[in-house]
Amino acid sequence: MIVPFAHVLIFAAILFVMGLGCVLARRNLIMILIGVEIMLNAAAVALVGGSAHWRQVDGQVFVVFLMAMTSAEVAISLAMVVYLRRRRGTLEADKFDGLRG
Amino acid sequence: MTAATTLPQFPWLSLLIGLPLAGALLCLLHRRSRQECRWLALATTLATLAICIGLFVACRHGDGPWLLREDAAWIPRFGIRYTLGLDGLSLLLTLLTAGLHVVAVLLAWPEQRRLPQFLALLLVLESGLMGVFLAVDLVLFYLFWEVMLLPMLFLIGIWGGENRRRAAVRFFLYTLAGSLAMLVAMIALYLLHGAQSGSYSFALADLLQTRLPLTQEYLLFGGFMLAFAIKAPLVPFHTWQPDALSEAPANGAVDVTGLLLKTGIYGMIRFAFPLFPNATRDALPLLAALALVGLFHAAWSAYRQDDVKRILAYSSISHLGLVLLGLAAWNTTAWQGSVLLMVTHGIVTGALFAVVAMLRSRTGTRNLNELGGLWGAAPQLSACFLFFALASLGLPGLANFAGEILVLLGTFRSQPLWALLALPGLVFTAAYLLRLVQGTLWGPAPAARAAIPDLTVREWLVLLPLIVLTVWLGLAPAPLLAPLAAVGGLP
Amino acid sequence: MNQTLLFLIPLLPLACAVANMLFGMRLPRLFAETLAVCGVAASFLLTVLFWSYADGDGTRAVLGTWLAAGEATIPFALQFDALSAPMTLMVTGVATLIHLYAVGYMHEEEDYARFFGLLNLFVFAMLAIVLADNLLVLFLGWEGVGLCSYGLIGFWYQKTGNARAGTKAFLVTRVGDVFLAAALLWLFALTGTLSIGAINAQAAGFAPAVLTGLTVLLLLGACGKSAQLPLMTWLADAMAGPTPVSALIHAATMVTAGVYLLCRLFPLVSLSPAGMAAIAVVGAVTALYAATCALAQREIKRVLAYSTMSQVGYMFLAVGAGSVAGAMAHLLTHAFFKAALFMAAGCIIHLAGDENDILRMGGLARRGPRQLFLVFLAGALCLAGAPLTGGFFSKDAILLAAYTQGTPLFLLLWGAGLLTALLTALYTFRLVYLVFAGEPRGYSHLHDLPQLMRWPLWPLALLGLLGGLLNLPALVGGGEWLRHRLGALAGREIAATHGTEWALAGLATGLVLLGWGAARWRYARFRGEWDNPGSRFLLHGWGADAAVDLLVVRPFTAIAGLCALGIDRALVDATLDGLARQTTACGERLRRLTSGHVSTYLAGFIWGFLIILGWFLLALVR
């Protein structure tokens, strides 16, 4: 493999932390969703890297699953975002506290 | 299965548990027709009672520790078996349970709200109580112990009086706390026994063989006794009981609530005392002290209550104090007197609660200050009330006296001081009961009260058998005492 | 004849009582009344019929087992012997006459079935006491009479006071019952049986201290039922009941149950000199106390109630002095004349239009029916102990018994008895003068008296007058029939010279005359009644009720309040509620963490993740 496995893992970790930062720092629901996507992609990168490293197909199978799942998740969550925006007129995450104890 | 009699081979004991359960299911299935439900429930309870009576007639002369026994593997991995056993003690208590449930169903006849569910819960309760009185495997016992908790919770919480929520929650938390302690002690005993003998088992007969160091015995005894003391109830743990009894729906359930108290005493006799003989022996003085404190504390408290049902609730605690004293005296006469008193108290207090329910449905109040002069309005109802109040205060010739005097005679023989200390209870019991009678029956009738109808035929059907039983057990309790002689593990 | 038939004597009234209680209101009135009277009359006839069964050691009859558990086996058993037979005859006889009287007395009462049912039930319970062969059957009767007394005192329940008087009677006598029950338990522990005969036979083997303890317990038990000090407060209030009830229960029969109990267990009781002295002291003190109270009473029935208490005190004195024959003779005569007096008092109250106050009566000798005056006078003469009446002989025998004991204590008690005799004559003739002499003071016209309220008085008055014949002393040529009849049960032989006897009889006669003279001087012409602190003190029974209220009732109510409110509410419930509140408060604090903000949750999630990660890393480094 051209790229060493360690580099792939480091890249995936950086990507994951960036996504995490996005999720934690941003208050807009869409940005949080984007952060989640980035984190998922980081995981996918790590899986592909592992698959290539050990020459096994499992990792790639997982990635295909992951992509299908992500697209479903995005479809539902974006639909909910649209719905929330229509209903509450805002996408500020902190404005939604219906689960407060 | 060992049947010491000519009884046909049949799982009679399982039938006692299963029949009410089946009745409950049928009630729920037929909840469209209230009338059908009533007859169904009545038929179920009557059939159960008939089986109980049949068992009594057929088995009471059997010898050996168990009159009837059923045993089947259940969860062999943990040594848990489905074991039911019937001896003289459980025979009497199942009879009482079955009888009081017939009364309860008859009393529930006019209930308006969700009658089928009400009846179904009553029947489930009956099934649970039967299980408690019959199970001789600890896990099975615990299962039934909890099963009877739930219907009671709903009966109080849904159909109860104004403060039903509070009463139900309190009842539930109290008893649950107790049963958790028992569960822990049970598992500990199981493990200790397994480590000792090499075979892990929850069967009472096996566990009886366990020999424990005294400290462990004390701890486990304490765990069991906590559960039973709360149910009985012994004095520091008793405050759930007046709430539960006064809030329990008058139409039937309250009679049955009285039965819960007996499970506590039963648990002591069946499990706590035989399993931990050394701890029991050392704890008897403490038990007697608690019994005496309960006897007087409850009698005095009853004197200051204004709610008729609360007076009766405290009177239950007071009477059970005497029952416990008889057990603590550790003497055959006293012990048999205790069991007799437990049964007769169930009948008499059940009847009193029934009469109060009839009273309440007529006058709309249970407050002593708003009642009075009832004799002029409804002499039959009043006469029944007076009759059972007198039975409750231990008038010789009526049911409670027989048990009380046996307890006292026996206790005096082994512990004169305890009996002497208990005697003034006679006066205090009379004091609060006569205050109750004075407040309801005598004096001028309240001006605003509408005319009160006297007893109906259905109500007579409820009370008459109880009156007959009260007199009969007062004059000739020997048939009930006979099967007790063979009960093992006690003085 | 079969011995078990003896059970018919108590069971017939019971059957009639049950029938009356269950169906009385459905039956024609006449039928219910006939049933009640016939039940008791039949018992009376049966007693006469079975009289010979009491000869010798008497007859014992067993019906069946009552209780059997462990070592306790207690049968339903009756004992018909020289002691119980005369008592049975008296109870059934007096009860029959009083039932007849009651038919007249209650002829306007609506709730007659309850009345006659309870009255019959009372006769049953009383007979159970009298005939009991073991102490538990006696206890059954003992509590039964208490119950009937309760129900009948409060018979007119619409008035709260009446029902309260009944409750008071029940509770005070129940205090006595506790002591009786204690004695019963102790005897069972000692002998393993409750049979009276067996206990009496074994009593000689008990330690002296045990005997004294048992005697004191029995005495206190007897005090409750017999309204002796200190358990006497209920009897005067018990007069709230209908007059036949007062005549039957609170004069003739139930209040003498205590005396009967002590006589029944006399072989045991007599073994303890200290116990005997205690009995005599209680009797003499009560006799004196009640006589002083009777001096100042204004209600006719209360005067009689206190006189009953006083006369029962004499009977206790007799038992204490060792003379069962004297006690029984006085018991029987007293039953006759006191029942007659009460029934006559009922007639007087009826005539005067439900007037109870003797200060508002007067003039009934001339205005009222002649025969009523005669009957009342006969009863009063007996009560005062006028020479040659039944009361004279029986009271004299008691004083003689006390005198011949000879110890200083008994001489003192004898003195108290003499003083009581003087006071008795005084209050009796005060009553007679206030009711019968002079002019009417309170009522305007006389009501009609039903026939049935008149003639049952005659036999009783005559029996009272002739009661001396029961146990006529040898002094006047009598044969002391009752003492011989009782045989071994009669107690101590009273030995006194004829000179002493004559002197004592003369003294008694003098006292009666003195009392009569004083009453005549003060009350022959009505001059108003004293109303000063002294008389009020006596009127209120030496303030006994107030003392009981202060020393017993209020502390009890306070303790009860402490239990119900202090311990249950304030201590146990508050502790539990506190626990519940603490738990809720914890939850409340934790609740803040759930803000509902997604960002907070995520931050928490990340921090938790980092901590776990760090922990694993640390573990890895190690």
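**Helix packing and chain contacts in a predicted model**

Biologist: At what angle do helix H13 and helix H17 of chain B pack, and how far apart are their axes?

Modeller: In this predicted model, helix H13 (residues 308-328) of chain B packs against helix H17 (residues 399-414) of chain B at an angle of about 35°, and their axes are 9 Å apart.

Biologist: Is the crossing left-handed or right-handed?

Modeller: The crossing of H13(B) past H17(B) is left-handed.

Biologist: Which residues meet there?

Modeller: From H13(B), B:Leu322, B:Leu325 and B:Gly326 take part, and they meet B:Glu404, B:Val407, B:Gly410 and B:Thr411 of H17(B). By class, the residues of this contact are 3 nonpolar, 3 polar and 1 charged.

Biologist: Turning to the chain interfaces, how many residues of chain B are in contact with chain C?

Modeller: The contact involves 47 residues of chain B and 41 residues of chain C. Several helices of chain B each supply at least two residues to the side that touches chain C, including helix H12 (277-303), helix H14 (332-363) and helix H19 (425-440).

Biologist: Which helix gives the most to that side?

Modeller: H17(B) gives the most, with 8 residues. H17(B) is also the helix that packs with H13(B).

Biologist: What is the make-up of that side by class?

Modeller: The side of chain B that touches chain C has 30 nonpolar, 15 polar and 2 charged residues.

Biologist: And how many residues do chain A and chain C bring to their contact?

Modeller: Chain A brings 11 residues and chain C brings 10 residues. On the chain A side, 6 are nonpolar, 2 are polar and 3 are charged.

Biologist: Moving to chain C itself, where are its domains?

Modeller: Domain 1 covers 1-271, domain 2 covers 293-539, and domain 3 is made of 549-590 + 597-621. The centres of domain 2 and domain 3 of chain C, taken over C-alpha atoms, are 74 Å apart.

Biologist: Where does C:Gly166 sit?

Modeller: C:Gly166 lies in helix H6 (residues 160-191) of chain C.

Biologist: Why does C:Gly166 count as buried?

Modeller: C:Gly166 counts as buried because it has 28 C-beta neighbours inside 10 Å, and the cut-off for a buried residue is 20 or more.

Biologist: What is C:Gly166 in contact with, leaving aside its neighbours within four places in sequence?

Modeller: On that basis, C:Gly166 is in contact with C:Tyr150, C:Gly151, C:Ile153 and C:Gly154. As for C:Leu152, which is 14 residues from C:Gly166 along the chain, the two C-alpha atoms are separated by 7.5 Å.

Terms used: Residues are numbered from 1 along each chain as its sequence is written. Chains are lettered from A and ligands numbered from 1 in the order in which they are written. This is a predicted model: local features need pLDDT of at least 70, side-chain atom pairs count only at pLDDT 80 or more; totals for chains, interfaces and linings use all residues. Two residues are in contact if their C-beta atoms, placed from the backbone, lie within 7 Å. Ala, Val, Leu, Ile, Met, Phe, Trp, Tyr, Cys and Pro count as nonpolar, Asp, Glu, Lys and Arg as charged, and the others, Gly among them, as polar. Axes are lines fitted to C-alpha atoms, for helices over the stretch in contact, and angles run from 0 to 180 degrees between N-to-C directions. Helices (H or I, at least four residues) and strands (E, at least two) are DSSP runs, numbered from the N terminus. A crossing is left-handed if the near helix is turned anticlockwise from the far one by less than a right angle, and right-handed if clockwise. A residue is buried if 20 or more other C-beta atoms lie within 10 Å of its own, exposed if 12 or fewer, and partly exposed in between; C-beta atoms are placed from the backbone. Domain bounds come from an automatic or database domain assignment.
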